[in-house]
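Please keep the sequence and the 3D view open while reading.

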Amino acid sequence: VDLQNEDPSVNLFREYLRLRTVHPEPDYDAALRFLDRIAEELGLPMKKIEVCPGRVVSIMTWQGTNPALKSILLNSHTDVVPVYQEHWKYDAFAAVKDAEGNIYARGTQDMKCVTIQYIQAIRRLKAEGRKCMRTIHLMFVPDEEVGGHKGMETFVKLPEFQKLNIGFALDEGLANPGEAFTVFYGERNPWWITVHCPGSPGHGSRFVENTAAEKLRSIINSFLDFREKEKHRLNTSECFTLGDVTTVNMTMVKGGVAYNVIPAEMDVSFDLRIPPTVNLQEFEEQIKKWCKEAGEGITYEFAQKHMNQNLTSTDDRYTLTPKLTHTQNMTLEKEIFPAATDSRFIRAVGLPAIGFSPMNRTPILLHDHNEYLNEQVFLKGIQVYENLVPALANVPTLPCDT
Ligand SMILES: CSCC[C@H](NC=O)C(=O)O
Ligand SMILES: [Zn+2]
Ligand SMILES: [Zn+2]
């Protein structure tokens, strides 16, 4: 690999990938130092808001020629998920580039690429002396990967967020293995549920009535039978993607103290992801019915229960889709995001948000071993934003302007 001739954007990307902003103890100070330096290079003012102890949101602002207009938000999170290093070809924080130009590191797709692409696009626009009508905010948030509670979820409720006067937001999407790019206009709602099954205890040698295990079995069957139905619906429909069906995964089981003691309680937990088209009240009624059918005294509780089903329009004349398809000749696939990102908090306060990470010809490897991104795909993404950002920031009217 010829480092001398490496594109400076690729170099910066690899430098950022080497910062260990990895859970459970992300080095957020390193990210903040890096971003401070970038802000200085770009000549942009940087605001920092400590939303929770040790959890800082930083914002670089490029003021528009008409700052009274609603602004454009370019959002990215700085944290990444942990790795199983033994399953990686290279050190997951070395940002090794192989002979094909594939860069391997945690965060190459999710979503350090997008952070650097935003930065480099703005750097080029500024260097060309371009001006935009609307103010552009580059926002860097912590803790997306652990649910955003000490990050975006808290920040959207603060007056500092209001003051940004946001009219339209971009946030992360997913890679697309084909020629097309995927654009996300909504997300499934995550429900993390634990079902408690109480039962009569007793000696492990007896036929005790009303045991926790019998109830647990019924609950598991109800949830997993539904899982099969949804999987079948996805696999038999041409036009469905993962975001259009409900996924159910049993992720934890607890209970029991000894081989020969029938336990007084057993718990089971599920990760449910529910499309925005599902009636959530009816869905919870179904869960209640499953619990009732499984026996006496069953209760449940939620660790996550998102209820917001706002969608962002993709086909009006204001927003991103026409900008991409018309000016750059890109093919777009519009989908519901299967997992949860910080976009859900932005949409929940009534703002339009689109999930978009400009990566085509790339397998979806976020959170996976050997996450990588090709440098050419990465560089193309900078051009995409170089066109897209001024197009958005010069839109004369957004729906919210009036
Ligand atoms: C529901 S909070 C967790 C958010 C997490 N986001 C990215 O993977 C997810 O599991 O979708
Ligand atoms: Zn992400
Ligand atoms: Zn992630």
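## Asp110

Leaving out neighbours within four places in sequence, Asp110 contacts Val80, Glu172, Leu366 and His367. Contact means that the C-beta atoms, placed from the backbone, lie within 7 Å. Asp110 sits in the loop between strand E5 (102-104) and helix H3 (112-127). Helices (H or I, at least four residues) and strands (E, at least two) are DSSP runs numbered from the N terminus.

Asp110 is buried, because 25 other C-beta atoms lie within 10 Å. The scale runs as follows: buried is 20 or more other C-beta atoms within 10 Å of the residue's own, exposed is 12 or fewer, and partly exposed is in between, with C-beta atoms placed from the backbone.

## Basis of the model

The model is predicted; local features need pLDDT of at least 70, side-chain atom pairs count only at pLDDT 80 or more, and totals for chains, interfaces and linings use all residues. Residues are numbered from 1 along each chain as its sequence is written, while chains are lettered from A and ligands numbered from 1 in the order in which they are written.

## The annotated binding site

An unreviewed UniProt entry lists Asp110, Glu145 and His367 under "binding site". These residues spread over 258 residues of sequence yet cluster in space, with a largest C-alpha distance of 9.9 Å. UniProt annotations may be inferred rather than shown by experiment; positions follow the numbering used here, and feature names are shortened.

Glu145 lies in the loop between strand E6 (136-141) and helix H4 (152-155). Glu145 counts as buried because it has 21 C-beta neighbours inside 10 Å. Not counting residues up to four places away in sequence, Glu145 touches His23, Asp79, Val80 and Val81.

## Ligand 1

Glu145 is also one of the residues around ligand 1. Ala, Val, Leu, Ile, Met, Phe, Trp, Tyr, Cys and Pro count as nonpolar, Asp, Glu, Lys and Arg as charged, and the others, Gly among them, as polar.

## Domains

Domain 1 covers 8-187 + 311-401, and domain 2 covers 189-275 + 277-305. These bounds come from an automatic or database domain assignment. The domain centres, taken over C-alpha atoms, are 36 Å apart. Across the boundary, 6 residues of domain 1 contact 8 residues of domain 2. On the domain 1 side, the touching residues are 4 nonpolar, 1 polar and 1 charged.

Notes
Near = placed C-beta within 6 Å. Contact = placed C-beta atoms within 7 Å.
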